[in-house]
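Here is a short report for a first look.

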4 protein chains.
Amino acid sequence: MKKAKVAIFGASGYSGEELVKRLSEHPAVELNCLTSRQYAGKKASEIFGWIGRHSPLAILSFVEPDPQSLAPLGIEFAFLALPHGVASEFAGALLDLGIKVLDLSADFRVKDPSVYELFYRHRHPAPDLLKRSVYGLPEIYRAQIKRADLVACPGCYPTSILLPLLPLLRSKILRLSSIIVTSLSGVSGAGRKSEPELLFVECNESARPYGLPLHRHLSEIEQELSNVAGESVTIQFVPHLIPLNRGIITTIHAEPVTPLTVDGVRGIFEQAYGTESFINLLEPNRYPDVKNVVNSNRLEIGWRVDPRTGRLILMSAEDNLVKGAAGQAIQCLNIMNGWDEALGLRN
Amino acid sequence: MKKAKVAIFGASGYSGEELVKRLSEHPAVELNCLTSRQYAGKKASEIFGWIGRHSPLAILSFVEPDPQSLAPLGIEFAFLALPHGVASEFAGALLDLGIKVLDLSADFRVKDPSVYELFYRHRHPAPDLLKRSVYGLPEIYRAQIKRADLVACPGCYPTSILLPLLPLLRSKILRLSSIIVTSLSGVSGAGRKSEPELLFVECNESARPYGLPLHRHLSEIEQELSNVAGESVTIQFVPHLIPLNRGIITTIHAEPVTPLTVDGVRGIFEQAYGTESFINLLEPNRYPDVKNVVNSNRLEIGWRVDPRTGRLILMSAEDNLVKGAAGQAIQCLNIMNGWDEALGLRN
Amino acid sequence: MKKAKVAIFGASGYSGEELVKRLSEHPAVELNCLTSRQYAGKKASEIFGWIGRHSPLAILSFVEPDPQSLAPLGIEFAFLALPHGVASEFAGALLDLGIKVLDLSADFRVKDPSVYELFYRHRHPAPDLLKRSVYGLPEIYRAQIKRADLVACPGCYPTSILLPLLPLLRSKILRLSSIIVTSLSGVSGAGRKSEPELLFVECNESARPYGLPLHRHLSEIEQELSNVAGESVTIQFVPHLIPLNRGIITTIHAEPVTPLTVDGVRGIFEQAYGTESFINLLEPNRYPDVKNVVNSNRLEIGWRVDPRTGRLILMSAEDNLVKGAAGQAIQCLNIMNGWDEALGLRN
Amino acid sequence: MKKAKVAIFGASGYSGEELVKRLSEHPAVELNCLTSRQYAGKKASEIFGWIGRHSPLAILSFVEPDPQSLAPLGIEFAFLALPHGVASEFAGALLDLGIKVLDLSADFRVKDPSVYELFYRHRHPAPDLLKRSVYGLPEIYRAQIKRADLVACPGCYPTSILLPLLPLLRSKILRLSSIIVTSLSGVSGAGRKSEPELLFVECNESARPYGLPLHRHLSEIEQELSNVAGESVTIQFVPHLIPLNRGIITTIHAEPVTPLTVDGVRGIFEQAYGTESFINLLEPNRYPDVKNVVNSNRLEIGWRVDPRTGRLILMSAEDNLVKGAAGQAIQCLNIMNGWDEALGLRN
């Protein structure tokens, strides 16, 4: 099999690091280029202690991000694990060079530049590219991803919220105004930033809500919910930071339009996800748990119907750096190439 | 000051241990008796490594629980840190001996024995004592606690949910059917039980919802909410286990009857709790955090009004073993004796 | 490639679980049988939450351990992840059936039954098999492992201590009586036992030495050191329990016979391990770190020479469940079959 | 009791924060001034979330450090919780104003400026003050501390190493060249610094040695050991960082001059520390554990004699921010004032 040549921009952050780990072992990928402004010139193994001396990665060094330099290398795909507002600086140039882009930032997720501006507090840097981008949630947009040259990979919270909700919204069984979501995230979700509130001593034996009431991820979550619902959806969302390295637990409350049963909900999920290899529909007595999905591209979904209130309670677990970031992006890469969707994503 | 003589039943669990720590340093208390069926005959210092050889506790041993043996010791107060269903075995005998009881179990919290039976799955062992008990939430029942001889100290989740909600329910500003609560608890909330799911490796790097849909604490939460609301209240409640030793974060969503402002809510809280030394009303830009209240009897309350949905979001933080258990019980003891409410509860 | 049929005895402990995870993805292995006395009759997915519904493991159930039942299944290899004293109950019967045994217990590591009895406090249950067993440390006994039918896989501490020390003992550069070792182990090293001291609350925010002065692993450590040194070696060893799920850090102090240099030590290590894919010799300025080797079969070795004392300080890091248990056993399986040694052990 | 007026310089670091917590509840102290260059002008409660609105601390703000401004306030004691090299900038001016200084930095611990320069890599900023300073280890220098106006409070590692070793060195029972120490420290020991390697994700599920071979604390450790031994002592010391907020475990190996017994060692410790309220000599079967001493000023000491090697193994546990920093400094304050040594240090 001819391998696809791949570059990772912003390879030194947590999502970038997970991409490096997985793409370097991906059987159909040749990882040729890692960029990092902060560490340009340093060997990857100086920053990533897990790179052993016999690893093929041991010879790679970080370089400055420069799309022009990639063409001679024959790079066909670029993953952008850059901060929002920065990814869009490079996407256009890469696409012009014929390099397909898998962007893990928020830059191309929100289709409406005015919504982007409202949530991200600056003008969208490349609004003309928005039409071209496909939201990289394979279980929903597989066909479009296959044909895309610019994939906007979803955020970690959105993945954990959308996958449980979308089939139910499509089935019109929930009161749209009743959706209330709380999520608990491990600290890697905040990125590798040297900020006081992310220090070990500040996060260990700590748990706290944050980001109220307008967390940025709401923009893409509501866009996708509205698309499927066929009308504008506004939800309540409270994220919390908890002392885990990785993982998100999401708990969603919603009122049904007409009384629901656990089995009825299962029917909808089975139809939507019965053959999806990365969605694990839990048995009725089971709860999702971060530890079941850490280092995996799986998302677990569990649910209950409260007999007293009639409300549906949906629960999901994912690894924010895998199904919530790098793993999902690789799943998209596999789809774009017509490969087995699980390549490089086992275990 | 003549000191009050005190016994702790069930002193070897986590709540019992916290009582031992704090009562042994309480300036108006003489701690005379620690019971533990499991460890009867052993020195307390064999089980609690923090008891130094120079501590007054170094000479105490655990004894079998036996109310009759307490009378000769002159015990005036007994704390019951026993499992539900067990505390009520002892309460009657203690009261008959003229010993006042501060019960940390669930046995005397729920006034209606049929509700108790529904949630705890066995008949109430001493229904006749229920009328006599006072729910030990000082900020709400201070006057009644002062006169009580049987105090039913609230559970950890109920404390974190009731204190933010009750003033607002009293003010009739919330739609009662709209209340949705998620809580995150540290592992000590599950007690010192040698069960596989409480092992370090099973809880560390794990986060999970549990106890759906009928967590036992709902019985007392809804009883107290209904009392204040003047009508039956049913709420949604999803607890989660997260990798902390101690602490609970509670996040509550509710729809207002008419539009609310952050300042309007503050006015209600200031009136209810403005002089309460163990309630910390947070500034508008602050979030509660478990690390701020660990080892303290304080409960933090923060809140936001979502301008898009109009919903009120209440957030609280407490130490489940202090304000959620032992500290609150000591606060009740102080009230019963007319002492400064903060005795033994500083830091 | 025809796959080898494999059984795992004691599959529900932490080492067993790691074997299940890795052997189920091993490209040359067909995993046919999981035994567990505790969970016999239950599906593996009920105990291991990470088994998704689409996993090939989803159909496997635990069975009672019974060597006779394996022959009809065509099992060729049995991994024993059983407590010491139990593994040896099955090894003989399995060998008689022509099934090769990879034992992760301590039962066949110590060649001298009297030493075993001294350290394990019971008579050796199958002393006649001891001659037949090979100590499963591939970097030292690769040739013997290739021909073995009974492999005694080393303990977690011994692996982290022997691999740094053996080449230096072979080179006769250390004073044998001067070796002092401290190790720090994550909690999974203690096994999946429902004991109070392994509860989350007891291990989190705790660190403690234990097992002095005669930790059981000393028996195999000193046996192997003595073998290579050609004379009896007695070391000092202090293990500590620290709040990690996985991982061991070992720090070794030793006095040289004649003055050493960092480069001189490197020369010895390069000769011994220069081509070993699972040994990572660190650059001079680097320290081993558990986080670099978690989920990996790699062992990191770093070292310093203290110019003031002349002592050599060796440091190693490994994942106690991988290179310290299941991974190393799989490495042995690969060697026994003449396969690439890294099969099933990537990442 | 007339209260002593106290200032804390560098109040926003972890040691400073612990001083603020404890001195604000100290019955004989009036805390008048908190300095912080970084946070000057901010309320202390903005940085320390544990300051409730009813706390006396709620009205305090951080100010720029300025010795001259303290005189009019009537400040009698200044605690310096500043980085090394900075504390000495202020100590002279404070002393000139008649303000006694308790310095938690390294600046006045090492008596020989050339040793300071060797270990701290800059010239000593105030060598003339070195003669005036007393090493603030109360169990050793109580009489001198009582009369001192400049107390150099020991570092966290030194406290955990010196207290077990000094009585034994005084008794001349150990071979001085044989002392080998490993210590495990929680992350707060590294200070509140926004550095990548102190982020939660980098420290959680990580454990690593560091600081070899010349950790700065060796300078004061060896100075004090040598003082007591009456000859120059050089030890081996390997510190490790482990995922705890607080706490140090130290394990010391030493060869005896003549064979030792556990009871013989106990005799020496009893004589040295039998009445010391902050030294907990453990029973023979017990091990020190960080969790027993967290938030306490106690240091636990345990020991074993290995019958095979004859070596003595000493083990200690302390809270690095209490007995290893702020608590010990307060113990010195109490001594300087002739107060009960445990004031402000209970629990």
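Is D:Glu17 buried or exposed? D:Glu17 is buried, because its relative accessible area is 12%, under the 20% limit. Keep in mind that this is a predicted model.

## How the copies are arranged

Chain A superposes on chain B by a rotation of 180°. The shift along the axis is 0.0 Å, and the RMSD is 0.0 Å. The two copies are therefore related as by a two-fold rotation axis. In chain A, A:Pro243 has the C-alpha nearest the axis, 3.3 Å from it. Of the interface residues of chain A, 100% are also interface residues in chain B, so these copies meet through the same surface.

Chain A can also be laid on chain C. That takes a turn of 180° with a shift of 0.0 Å along the axis, and gives an RMSD of 0.0 Å. Again the same surface serves both copies, as 100% of the contact residues of chain A recur in chain C.

## Salt bridges

The whole structure holds 80 salt bridges over all chains. One of them joins C:Arg175 and C:Glu255, with the closest N and O atoms 2.1 Å apart. Each partner lies in a loop of chain C, so the pair ties together parts that are 80 residues apart in sequence. C:Arg175 is partly exposed at 38% relative accessible area. C:Glu255 is partly exposed too, at 21%.

D:Glu17 pairs with D:Arg192 at 2.8 Å, N to O. D:Glu17 sits in helix 1 and D:Arg192 in a loop, so this bridge ties together parts 175 residues apart in sequence. D:Arg192 is partly exposed, at 26%.

Key:
Residues are numbered from 1 along each chain as its sequence is written. Chains are lettered from A and ligands numbered from 1 in the order in which they are written. This is a predicted model: local features need pLDDT of at least 70, side-chain atom pairs count only at pLDDT 80 or more; totals for chains, interfaces and linings use all residues. Side-chain values use heavy atoms; hydrogens and water are left out. Copies are superposed by least squares on the C-alpha atoms of residues with pLDDT of at least 70 in both. Contact means heavy atoms within 4.5 Å. A salt bridge is a side-chain nitrogen of Lys or Arg within 4 Å of a carboxyl oxygen of Asp or Glu. Helices (H or I, at least four residues) and strands (E, at least two) are DSSP runs, numbered from the N terminus. Buried means under 20% relative accessible area, exposed over 50%, partly exposed in between (1.4 Å probe, protein chains only).
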